[in-house]
Amino acid sequence: MPSPAPPTELLPWERAVVLLSCVLSALGSGLLVATHALWPDLRSRARRLLLFLSLTDLLSAASYFYGVLQDFAGSSWDCVLQGALSTFANTSSFFWTVAIAFYLYLSIVRAARGPSTDHLLWAFHLISWGVPLAITVAAVSLKKIGYDASDVSVGWCWINLEAEDRVLWMLLTGKLWEMLAYVLLPLLYLLVRKHINRAHQALSEYRPIWEGRQLQRGSSAMADKKLILIPLIFICLRVWSTVRFVLTLCGSPAVQSPVLVVLHGIGNTFQGGANCIMFVLCTRAVRTRLLSLCCCRCYPQPSTQSPPGAPAPRGMTESQDSGLIPKVPST
């Protein structure tokens, strides 16, 4: 492997942009967690998976924030700790992202129901937490995590570039799973979208993902757009990290390009913000509840007691409208 390019110097404005991206991602992930806590009727199985993804993105944003803020110059103890946390969170995020896509595929295309989906959720937990944890513990134990001169990061610590087998560990601690996600996510969402297109007449039976009890053309079109946007956004955010990884392997000085550095920093840190935009701000049922909550806090109104037996307001009876897929009755 060629010698790596000289260390990439992180400019103040680059650091500020990446720190802002970390903050926005943490806020977005926190908002996703808050919606899950505030409204129990929105806790569909798929939204529970999204909750775990949000937790990993929150940890990832926090660890990256510390790394960029410190701008390490060597493999200190906090550099190793930050590198271990970000490695675990980042790798786990890949697994949970693919798990959500796989769950949607099984639920919509394969019509998976009942106890089999519960067993599948346990498998997701075992793989999405266990594999990243095992990889991270091994990397720390073998002293592979450390200072990387920002050539394959943007100020944070990851795999020590002085390690002889650094390429292998870069693949194991992120890049291998990232590249697999590039393939699996578009494939799974393409299969889901093709199934929906073939079964427009039966969409009311599935009521997948994001909008309304009555599947109308508008909500169906929105669902189709999101099925395209989910893998597209993931790839657009993560591809810059892959580009700099390849440039580092080639020993190219282009790895220090300010544009690439900033895009890499935003791509690795903004996943939580992107998920918030997709599944909160662009999801009508959740957005409506948030706006109602904010309006009630800003402009409190005297409470009016409904007569006994009166139906609850529509906003309080929507149980699974904002779920990624509907809650499936148990058998």
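Biologist: What makes Phe-52, Phe-88, Trp-96 and Trp-129 one aromatic cluster?

Modeller: The term rests on ring pairs, where rings of Phe, Tyr and Trp (its six-membered ring) pair if their centres lie within 6.5 Å, and planes under 30 degrees apart count as stacked, over 60 as edge-to-face and the rest as tilted. Phe-52, Phe-88, Trp-96 and Trp-129 form one such cluster, and the search of the whole structure finds eleven aromatic pairs. This is a predicted model, in which local features need pLDDT of at least 70, side-chain atom pairs count only at pLDDT 80 or more, and totals for chains, interfaces and linings use all residues. Residues are numbered from 1 along each chain as its sequence is written, and side-chain values use heavy atoms, with hydrogens and water left out.

Biologist: Why is the pair of Tyr-66 and Phe-72 called tilted?

Modeller: Their ring centres are 6.1 Å apart and their planes stand at 55 degrees, so the pair is tilted. Tyr-182 and Phe-234, with centres 6.3 Å apart and planes at 65 degrees, are therefore edge-to-face.

Biologist: How do you know that Cys-79 and Cys-157 are joined by a disulfide?

Modeller: A disulfide is a pair of cysteine sulfur atoms within 2.5 Å, and the S to S distance here is 1.9 Å. Cys-79 lies in helix 3 and Cys-157 in the loop between strand 1 and strand 2, so the link ties together parts that are 78 residues apart in sequence.

Technical notes. Helices (H or I, at least four residues) and strands (E, at least two) are DSSP runs, numbered from the N terminus.
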